[in-house]
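Good morning, and thank you for joining this meeting. Please have the sequence and the structure open before you as I speak.

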Amino acid sequence: MKSRIQQEALVYHRVADRIEGLITAGTFRPGDRLPSVRSLSRDWRVSVTTAVGAYSLLEDRGFVEPRSRSGYYVRARRLSPERLPRQIEVEGDPVEVGCAEITEKIMDASATPGIVPFGAAVPADEILPSARLALLYSSVVRSAGAMAHQYSMPPGLQGLRVELAKRLLGSGITVSPEEIIATSGAIDAVLLAVKSVCEAGDVVAVESPTYFGILSMVRELGLKVVEIPVFADRGVCTRALEEAFTTHPVKACILQPNYHNPVGSVMPDVEKKRAVALAKRHGVTLIEDDLYGDLHFSEKRPLSLKAFDPGDTVIHCGSYSKSLAPGLRVGWIVPGKRHHRIKSLKYATSLANATASEMVVAEFLKSGGVERHLRKVRRIYARQTHEIREAILGSFPAGIRVTQPEGGFLLWCQMPDGFDAEAFALAALKRKISVVPGTLFSASCGLRNFFRISCGFPLDDRSRRAIGILAKLAEGQ
Ligand SMILES: Cc1ncc(COP(=O)(O)O)c(C=O)c1O
């Protein structure tokens, strides 16, 4: 005879299996909200305890996650390691950044209307909060009058910096509005940070792969780079960081700790702490680019590197380009002791920011609208990333490996050795599809068998057909 507790356990295992079946079959997808405990109990005629037990079991199995006061949601499933891209070898010594030619061609194509934009790391038009932004623009312009069309001089509007200071608390950063300088997007912030620390000929450590905008910037500034590998499951390799800091005269190190472009990785807190401690010990400035951190699929935002820095080792940079809209050009920097230097560099390089944009973002933040928008887009990106990933795995040759990010909207794909992603990207362009080849993300022009796919837009008939075409092109190689 089974005890009542054993019987109860059997029932909730059965309920959990049934829900797991629905998730596996795609009825509920990553990011979807599952039926509440009460409605599950009512509709499936089980006790509330059983429903809670079933969800706890699914949480242990890694299928669902609870969100406070909001219920249970489907998690992106953890990947078996054999489908994740493998770690690559990098050049150990400082190199000059190469590979400029194809970058412009790929970038121009990504922005061309009529192209299926797997190459563009931007939210689809339909995802942008356009209606809300239009209302905010007209109301701030009406109430501020001509002021809205004047320069916003460094450090940027006080109202924006007050809201930014409140929001940064969620990344683990406690600063006053006076410690923030508003910038024209994250790239402006990273440029100011690099210029405040380095001069031409200096060595900086960059991740491999890393966002090609960072590589272009470093090349234009005449800096040399040491490449540090990035792992899909834990971000930058801190052991390689230590070796680079010990062996080379590294001045600064540019890291993307959260939902890395293109790898999608997040550094666990212990690794963040370790990177900050290493940098401090070796007198290296860490420049963190954290513009994807708000796009987490699970409930909690990962902390920034700056959260682990009580001193002046980390310069924190971010923007609303990926989480609200790239055209706003609203970003920020927390420069610490380099405040004065960075403010004067801002005057010297771009003078000021767009006042109306800063007013709009300040109002959007103040009203709570940004958080509402983020709650919506996180679900959309979790779904799109999952669906596009499944479509790629289902149609590309079996040797493909694809990341499974838990935030952001980028997939990093690895084909077997010998695959030429530049030829693949150029052939795709002829078919009106953009993808970004791995070489653009490598200072030493490696990563030839990798490419990046953006999931900023949905998997519809057109993009599904495009994946079929890409798969055929890949097979042709
Ligand atoms: C890692 C990273 N940093 C910076 C940028 C540029 O950001 P912003 O538009 O805020 O200047 C991008 C854009 O793709 C990016 O991916």
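In what follows, two residues are said to be in contact when they have heavy atoms within 4.5 Å of each other. Please bear in mind that this is a predicted model.

Is Ile-181 buried or exposed? Ile-181 is buried, with a relative accessible area of 0%. Leaving aside neighbours within four places in sequence, Ile-181 is in contact with Pro-155, Gly-331, Trp-332, Ile-333, Pro-335, His-339, Ile-342 and Lys-343. The C-alpha atoms of Ile-181 and Arg-161 are separated by 7.6 Å, and these two residues are 20 residues apart along the chain.

I turn now to strand β6, residues 203–208. Six of its six residues are buried, so β6 is largely enclosed by the rest of the structure. In a regular strand, side chains alternate between the two faces of the sheet. Here, Val-203, Ala-205 and Glu-207 point one way from β6, while Val-204, Val-206 and Ser-208 point the other way. Strand β6 runs parallel to strand β7, residues 224–231, and six bridges join them. Opposite Ser-208 stands Pro-229 in β7.

Finally, let us consider a pair of helices. Helix α6, residues 158–168, packs against helix α12, residues 355–366, at an angle of about 45 degrees, and their axes are 8 Å apart. That angle makes α6 oblique to α12. The crossing of these two helices, α6 and α12, is left-handed. Among the residues making the contact are Leu-160 and Leu-164 of α6 and Val-361 and Leu-365 of α12. By class, the contact of α6 with α12 has five nonpolar, one polar and four charged residues.

Methods. Residues numbered from 1 in each chain as written. Predicted model: local features only at pLDDT ≥ 70, side-chain atom pairs only at ≥ 80, totals over all residues. Heavy atoms only, no water. Axes fitted to C-alpha atoms, helices over the stretch in contact; angles between N-to-C directions. Helix = DSSP H or I, 4+ residues; strand = E, 2+ residues; numbered from the N terminus. Parallel < 35°, antiparallel > 145°, perpendicular 65-115°, else oblique. Left-handed = near helix turned anticlockwise from the far one by under 90°. Nonpolar A, V, L, I, M, F, W, Y, C, P; charged D, E, K, R; others polar. Buried < 20%, exposed > 50% of the residue type's maximum accessible area, 1.4 Å probe, protein only. Pairing = 2+ DSSP bridges.
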